[in-house]
Amino acid sequence: MSGTIFSILPPIIAIVMVLITRRVLLSLGAGIVLGALLIHSFAPVDSLATLWKSFQVTFWDGGLNTYNVFIILFLFLLGIITAFVSLSGGSRAFAEWAVKHIKTRRGAKLLTAFLGVIIFIDDYFNALAVGQIARPITDHHRISRAKLAYFIDSTSAPVCVVSPVSSWGAYLIGLIGTILATQSVITYSPLTAFVMMAPMNFYVIAALAMVFFVALTDFDLLEMKKHERRAIETGEVFDPTKDIPGQLKEDFPVHSHGKVRDLVLPIVTLVIATISAMVWTGYQNAGALDIWAIFENTDVPKSLLIGGSAGAAVSIVLYLLQFGKNEKANSAYLGKGIWSGIQSMLPAVLILVFAWSLTFIIGLLETGEYLAKVVTEANIPLGLLPVILFILAGGMAFATGTSWGSFGILLPIAGTIMINADPTMLLPALAAVLAGSVFGDHCSPISDTTILSSTGAGSNHIDHVTTQLPYALICAGIAAVGYLVLGLTGSVWLSFGLVIIILAILFFVLSKSVKESS
């Protein structure tokens, strides 16, 4: 049943179940089991073997799967940093400092949005680092964890997908290079093509504009309004009855004499060590002092592990310094703090492992290839291809939970179609694929970036998915109009201008409604 319409059933079942039951592991597990059964036409023994392999390859795939293992270890290290930053009183001290300098909810929201834009090196790193920095501030100003997760998710991937100096940019520049390599009619370099595509990424433009509009105003939609109302009225920034990935259960003393440095130094160490490791591993693999080559060849998971280890070490040292000569207390609370940090990340790690397993199953079912074949075999007018590619990429990323997988499948297809049909529309078509993939990734509850955004924010995962979805759909609708006009007119600036005008009108109308309701 691989490569057929049945191949889309496992991700659909998982997504529908997770939205209905709100039980992420159960829903992902159902999708994984169904997928394994479909691969082998419901033969139980073979299906069980594939089911086992789907989890095995997460950790061992002909050798240690360092990419996944290092990401998991980094999450545990981040939990340890969170534990000791909290236990040392660093989070409390930082919140007290923030009260003096960031006195409004608007200021706290804007800080989070700006941090999301500034930390553009990698989406995983962005999601987790911004969450650690912003959470004490947004908690103090009674901004819901769901809104924090929205700010994180809607800035991390959108910024990375248009930044050439990022793990995403390096991957995409390399992918675009393979598309252009055999085409003598193309005169620009892969890097130039990537930069030229940035103003054509209408979803990114709309998503970032929406984030800053929400940060500047009190505009909340549907489920987000409920979370924000509860946070403001009761002070509960998350629902304590739900399982919150990354939430530290503080059952032992938190120091009241902690300092801002107890939070800042571990995070700064994490950032500096991670970026330094990315540059070093990139240089080792590239063998040249070329910034583009370095980021194209950098080892992101290894760099995160190095940065996480350095940050965890600093957080532990700062914690131990507060105990003075009481060595027994040091050793007792040291072990308990480490275990508490690891426990706090276990829900997120399990969700991530299940999501990776489902991605493996979906790959065997050739779900992405089936969706791509649908559009290539259809007799579609050339002018409609950008908007159709945008929608298809969104659907593929939503169903598979991976924007990078959608890039790898659809970018070559879009490139081949446009180079043969109309080379002038090549970059708009590729930009539409990038935009659609990020949109689908934002909406998918089985996406690793969505999971890590809710983890970084300390939000319930499904709360994050349901509250972000309306904003993502609005931005996708605006982007779709832009791609329709771009395909029909061939004018980048006309379609870009139209997207800006629609956003301006929308924000004007929404800001009036917010004022009237307040």
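In which helix is the place of Leu 222? In this predicted model, Leu 222 lies in helix H12, which spans residues 222–234.

**View 1. Arg 142 in the loop between helices H7 and H8.** The loop that holds Arg 142 runs between helix H7 (123–140) and helix H8 (145–160), and the phi of Arg 142 is near 60 degrees, a positive value in a residue other than glycine. Arg 142 is partly exposed, its relative accessible area being 38%.

**View 2. Packing of helix H21 against helix H22.** Helix H21 (residues 448–457) and helix H22 (residues 461–489) pack at an angle of about 110 degrees, and their axes are 9 Å apart. Because angles of 65 to 115 degrees count as roughly perpendicular, H21 is roughly perpendicular to H22. The crossing of H21 past H22 is right-handed. On the H21 side, Thr 450, Ile 451, Ser 453 and Ser 454 meet His 461, His 464 and Val 465 of H22, a contact comprising 2 nonpolar, 5 polar and no charged residues.

**View 3. The largest nonpolar core, around Phe 390.** Of the 73 residues in this core, Tyr 203, Phe 390 and Tyr 483 touch the most other members. Leaving aside residues up to four places away in sequence, the contacts of Phe 390 include Tyr 203, Ala 432, Phe 439, Ala 476 and Tyr 483. Another core, of 48 residues, lies apart from it, with Leu 77, Ile 81, Val 85 and Val 353 among its members.

Key
Residues numbered from 1 in each chain as written. Predicted model: local features only at pLDDT ≥ 70, side-chain atom pairs only at ≥ 80, totals over all residues. Heavy atoms only, no water. Axes fitted to C-alpha atoms, helices over the stretch in contact; angles between N-to-C directions. Helix = DSSP H or I, 4+ residues; strand = E, 2+ residues; numbered from the N terminus. Parallel < 35°, antiparallel > 145°, perpendicular 65-115°, else oblique. Left-handed = near helix turned anticlockwise from the far one by under 90°. Contact = heavy atoms within 4.5 Å. Nonpolar A, V, L, I, M, F, W, Y, C, P; charged D, E, K, R; others polar. Core = buried A, V, L, I, M, F, W, Y, C linked by side-chain atoms within 4.5 Å. Buried < 20%, exposed > 50% of the residue type's maximum accessible area, 1.4 Å probe, protein only.
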